[in-house]
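Subject: Structure handover

Hello,

The structure is below, for you to take over. Notes on what was found in it follow.

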There are 2 protein chains.
Amino acid sequence: MSSTNDDESSPIWMATVSAPTNIACIKYWGKKDAKWNTPTNDSVSVTLDQKDLRAVTTAAASIKFEKDRLWLNGEEEVGASDSKRFRACVDGVKALAADPSKWKDLKIHVSSYNTFPTAAGLASSAAGYAALVAALAELMSAKETYQGQLTTIARQGSGSACRSLYGGFVAWKAGSAEVSTEGGTPWADSMAVQIADENHWPELRAVIMVVSDEKKDTSSTAGMSTSVATSTLLQHRIAKVVPERMASIEKAFLEKDFESFGELTMKDSNQFHSVCADTYPPIFYMNDVSRTIVRIVHAYNKWAGETRVAYTYDAGPNAVLYTLEKYVVEVGALMAHYFPSPATATTAAAADGYFNDSTFANDVTAFTLNSELLAATNKTGRVPNAGDVKKIYHTKSGPGPQVLSNEKDGNLDLKTGLNTYINTPK
Amino acid sequence: MSSTNDDESSPIWMATVSAPTNIACIKYWGKKDAKWNTPTNDSVSVTLDQKDLRAVTTAAASIKFEKDRLWLNGEEEVGASDSKRFRACVDGVKALAADPSKWKDLKIHVSSYNTFPTAAGLASSAAGYAALVAALAELMSAKETYQGQLTTIARQGSGSACRSLYGGFVAWKAGSAEVSTEGGTPWADSMAVQIADENHWPELRAVIMVVSDEKKDTSSTAGMSTSVATSTLLQHRIAKVVPERMASIEKAFLEKDFESFGELTMKDSNQFHSVCADTYPPIFYMNDVSRTIVRIVHAYNKWAGETRVAYTYDAGPNAVLYTLEKYVVEVGALMAHYFPSPATATTAAAADGYFNDSTFANDVTAFTLNSELLAATNKTGRVPNAGDVKKIYHTKSGPGPQVLSNEKDGNLDLKTGLNTYINTPK
């Protein structure tokens, strides 16, 4: 539902949504069709809870607006509304509007912000473009002509954004150029499909270790283009490895088989970074801190005699650790032991904002790690320093985009349609 | 030729050789036949000059010796003479002795040392086993029944050791189980072949950045075994990628085409580490310092508009940079700029032993780096610190093992056959 101001002659229609990030277990790396932004292989991800990690986007339309405008994290992105990505989303949703003639000639204002660092490998663009498409769809009461059509639009904004339009465990099917919509758009089946919703596996938890909140130096788009052109291993991954892993991990998720789910997730993260290393020039997203976390995870699982935690790394050094509710405090305590808060240099970090979740921080601080576990993990490479990890998020799977109907949630002024969001660094 | 003491009734026969390291351009990673230590794919390497990087090994035989004994870097390795590797070398060379009956029942003493850090990814085992086989062959005047047979013995000590038995540019052909010696030993053609000797490309230079002199945490043998068992990309590399690269790099070396030689060397180093990352659990040999060097190399070549320097990394974080005589001072100066001596924290490092070669150190110190080159390379990741690199070697290609006929070169006492080498940390 969209809200309006009270200027009856030239109303501003407005809608605000929040959308989640998602973190892939089987990774997307490589475009098949650059124009339509389709992938070389299927991928699948967990949609994360929006409590602390979300994009919030307000979209507005009015006859009063002279041109499309976009504000990101409080700053206007001049010219961004002409970008192919933005246009694909705006024009794509306009075509599905319940009353297309109403919106056809109206200009669009969009303001969006993330509650977490942008472009640091935490899927900010996935959340952002999912929120954009969801906000536009809400604004214009868009109707899909087939299930998943909106995800094909979000995919043209940012590939993995399509998966953020559903909650739970979500696949992005690569699709084929031959499948077209009635309007003649190809790749109509390169879209997200929900494998299971966020209530299917309520015990699943995610612990995110923010190793860096700096922007990465190779964008995903540039990186995957170079990988497709130069990696001699990528095509083998696409043709032989991914199809098998997709089938296995969907089964593991549906059966809540953490052992298989975790192992496949780790192996596919490793292979994604392996392909990056095989790219020429090579691309490095993980750093020594990332690798120390990998070593600790394997030493912990080996000590436990089972896979209790699984790492995955996107295009950045941050670790996302999937685990189960029954182990999450132990995982948090183990991580806080090796990566204490930079502010206090201790694990007693509840008060200083090192953890997003103060209840979890207290549980972690109170937890006594097994001495044999510490012995098993303390030979895992370089000695970590307070400051190697900036922040630890404790979260779980969550639903897709949410409409925010409260006026104060919006980022655009109801009377002027101009940005009201002010970025305050966290 | 072997020397003897003057005890005519029970002489000690003795020979001492030095042998070089070699650094692969197309990497060996994966065993085909563990028993015979044959590789999954061909590989090729540059044999380095022995001036500063060599293994020196004395082998002795006497009726007085009660058992085979081995000293490594001054310490006796108790039980090592029973190891499969050591036995393959000793028994293999004994079978080729000019007078096998003379040596059949004599026990062997061996003392070996390296002039550089052991097991830190600088091919210490290649030099060591090459020196062992060469010393035994010299001691017993071994005769090959076909060219390369001694390399098949060294290969059973440590795979890449076979390549250190020749100078210059040396391939290790994977061979096949079906090819046997007259004595019935399979894999008789899994051996080293010299592609070009050390005089073919006299302008080629190597700059070795010692990032760590600590022992690596995953041995090559254990690492490649895990890679063969778990990497889904390794088999594709073996079947499809390596054969093409072998042909191309041999051509490039013979034509002294540094552009192609360098690019292939870098790509294959990247792919080796890519396969390590695709191993489960993943194996990491490179660290953030290694990766900073990679970034600097690519930025330098991009600035130059040609490949002036090429990195390669073995199973450790140290970089070996191949370049040409005309660029080597520039390369050294660029590296010393970003990685100053830990002792002086400056590039004026001639006096403190940071460089192995004082003439080179003086040339590097006197060299003025182009300001645009510095601008082009100064955005290549984390800021390097003095101490990130421990030492810089300047070297070139060199010949195979050398017999040391001077008595003082030996590591065993001529009268007792006991170790005389004392390790003095460098």
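**Surroundings of Asn411(A)**

Leaving aside neighbours within four places in sequence, Asn411(A) is in contact with Val56(A), Thr57(A), Thr58(A), Ser111(A), Ser112(A), Tyr113(A), Leu418(A), Asn419(A), Thr420(A) and Tyr421(A). Please note that this is a predicted model. Asn411(A) itself lies in the segment after strand E17 (402–403) of chain A. Its relative accessible area is 2%, so Asn411(A) counts as buried, the cut-off being under 20%. One of the residues it touches, Ser111(A), has its backbone oxygen 2.9 Å from a polar atom of the Asn411(A) side chain.

**Asp268(A)**

Asp268(A) is part of helix H7 (residues 258–277) of chain A. This residue is also buried, with a relative accessible area of 0%. Not counting residues up to four places away in sequence, Asp268(A) touches Cys25(A), Ile26(A), Lys27(A), Arg237(A) and Arg245(A). A polar atom of the Asp268(A) side chain lies 2.7 Å from the backbone nitrogen of Lys27(A).

**Helices H8 and H9**

In chain A, helix H8 (residues 288–304) packs against helix H9 (residues 325–338) at an angle of about 135°, and their axes are 12 Å apart. That angle makes H8(A) oblique to H9(A). Their crossing is right-handed. On the H8(A) side the contact involves Ile293(A), Ile296(A), Val297(A), Tyr300(A) and Trp303(A); these meet Tyr327(A), Glu330(A), Val331(A), Leu334(A), Met335(A) and Tyr338(A) in H9(A). By type, the residues of this contact are 10 nonpolar, no polar and one charged.

Regards

Definitions and conventions: Residues are numbered from 1 along each chain as its sequence is written. Chains are lettered from A and ligands numbered from 1 in the order in which they are written. This is a predicted model: local features need pLDDT of at least 70, side-chain atom pairs count only at pLDDT 80 or more; totals for chains, interfaces and linings use all residues. Side-chain values use heavy atoms; hydrogens and water are left out. Axes are lines fitted to C-alpha atoms, for helices over the stretch in contact, and angles run from 0 to 180 degrees between N-to-C directions. Helices (H or I, at least four residues) and strands (E, at least two) are DSSP runs, numbered from the N terminus. Angles under 35 degrees count as roughly parallel, over 145 as roughly antiparallel, 65 to 115 as roughly perpendicular and the rest as oblique. A crossing is left-handed if the near helix is turned anticlockwise from the far one by less than a right angle, and right-handed if clockwise. Contact means heavy atoms within 4.5 Å. Ala, Val, Leu, Ile, Met, Phe, Trp, Tyr, Cys and Pro count as nonpolar, Asp, Glu, Lys and Arg as charged, and the others, Gly among them, as polar. Buried means under 20% relative accessible area, exposed over 50%, partly exposed in between (1.4 Å probe, protein chains only). A polar contact is a pair of N or O atoms within 3.5 Å; within protein, one must be able to donate a hydrogen and the other to accept it, and residues adjacent in sequence count only if both atoms are side-chain atoms.
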